[in-house]
Amino acid sequence: MIDTRIETFLTLCRVMNYRRTAELLNMTQPAVTQHIQYLEKFYGCRLFIYDGKSLKMTDEAQILKKYSENIVYQEKKLKIQLKEKKGCALAIGATKTIGEYVIAEHIAEYLKEPSNSISVNVDNTEHLLESLSKGELDFALIEGSFDRAHYKSRVYRKEPFVGLCGAGHPFAGETVAPDKLWKETLILREEGSGTRNILAQLLAGSNYSFGEFDRVTTVSSFGLITKLLEKGSGITFSYRAVGEKNNALAEFKVNGWDIFREFNYVYLDTPYSEHAVKYFESFRK
């Protein structure tokens, strides 16, 4: 059983506010303070300090947080394992490109085992890592960056980052110079998305920005983006998986841009997590 003081500690780590922590846990604020003070006395270190009016975690708190997240997750998996006799029930996360274009066949293979079950949360990296830290996911498949000091990981696959356009576009199948791009309508994912950030970094490396393009359109749905590309409404940049099975789309390359990114399993450093990743991976063709 998890000590309630650890649960208080993790909640405070998440919201970084004593009053809000008390509200979430249906406790008094002095009780929250007592729980933290107990842990500080038990472990012999400060866990939180104030920098002006801002509450900050100490380095020791970061270590305790990682340990605590792991034991909370293992406690949840132990309860499930004691109740279940057969099969494997996974709760996984996936970023949008992976969830919508990469793992369907893999999940289908996993579900061919009648005793297996799975729930899949497709969301952005930030939300998935938060769910992972809370012990709500066994692992997440992530296309973007993450804190490698806080999570374990292994490569799922490496994916090219390419230009995409309609099959009838002049760029289709071609390699173009960067200055040929600027007269195009650029269709981007929303701010904070992995593909948008990669393109921003590529442009910045050559002292360019999104402002070079004649027109920029922001669309949060890959499905809508691909429909617009099919109709010749612009170009985009994404992972190859988004367009590789769509005959109405075509790839193009940009001189000097030869980019690959890793898709990774990301998970807590626990035996249950390691087993979940290995078991799921065993169903991949």
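Predicted model: local features only at pLDDT ≥ 70, side-chain atom pairs only at ≥ 80, totals over all residues.
Local features here need pLDDT of at least 70, side-chain atom pairs count only at pLDDT 80 or more, and totals for linings use all residues. Residues are numbered from 1 along each chain, and side-chain values use heavy atoms, without hydrogens and water.

**Stop 1: the largest pocket.** Select L10, R14, E69, S133 and K134, which lie nearest its centre among 23 lining residues. A pocket is an open set of points on a 1 Å grid where a 1.4 Å probe fits, with protein on both sides within 12 Å along at least five of seven lines; lining residues have an atom within 4 Å of a point. The space here is about 620 Å³. Now colour α4 (59–83): this helix gives 7 residues, the largest share of the lining. By class, the lining has 7 nonpolar, 5 polar and 11 charged residues.

**Stop 2: the second largest pocket.** Its space is about 490 Å³. Pick T125, E143, G144, S145 and G194, the closest to its centre of the 23 residues that line it. Here α8 brings the largest share, 4 residues. The lining divides into 2 nonpolar, 11 polar and 10 charged residues.

**Stop 3: S193.** Go to the loop between β8 (185–188) and α8 (194–205), where S193 is found. Is S193 buried or exposed? S193 has a relative accessible area of 4%, so it is buried (under 20%, with a 1.4 Å probe and protein chains only). Finish at R196, whose backbone nitrogen lies 3.4 Å from a polar atom of the S193 side chain.

Definitions and conventions
Helix = DSSP H or I, 4+ residues; strand = E, 2+ residues; numbered from the N terminus. Buried < 20%, exposed > 50% of the residue type's maximum accessible area, 1.4 Å probe, protein only. Polar contact = N/O pair within 3.5 Å; in protein donor to acceptor, adjacent residues only side chain to side chain. Points joined across faces, edges and corners; volume = space filled by probe spheres on them. Nonpolar A, V, L, I, M, F, W, Y, C, P; charged D, E, K, R; others polar.
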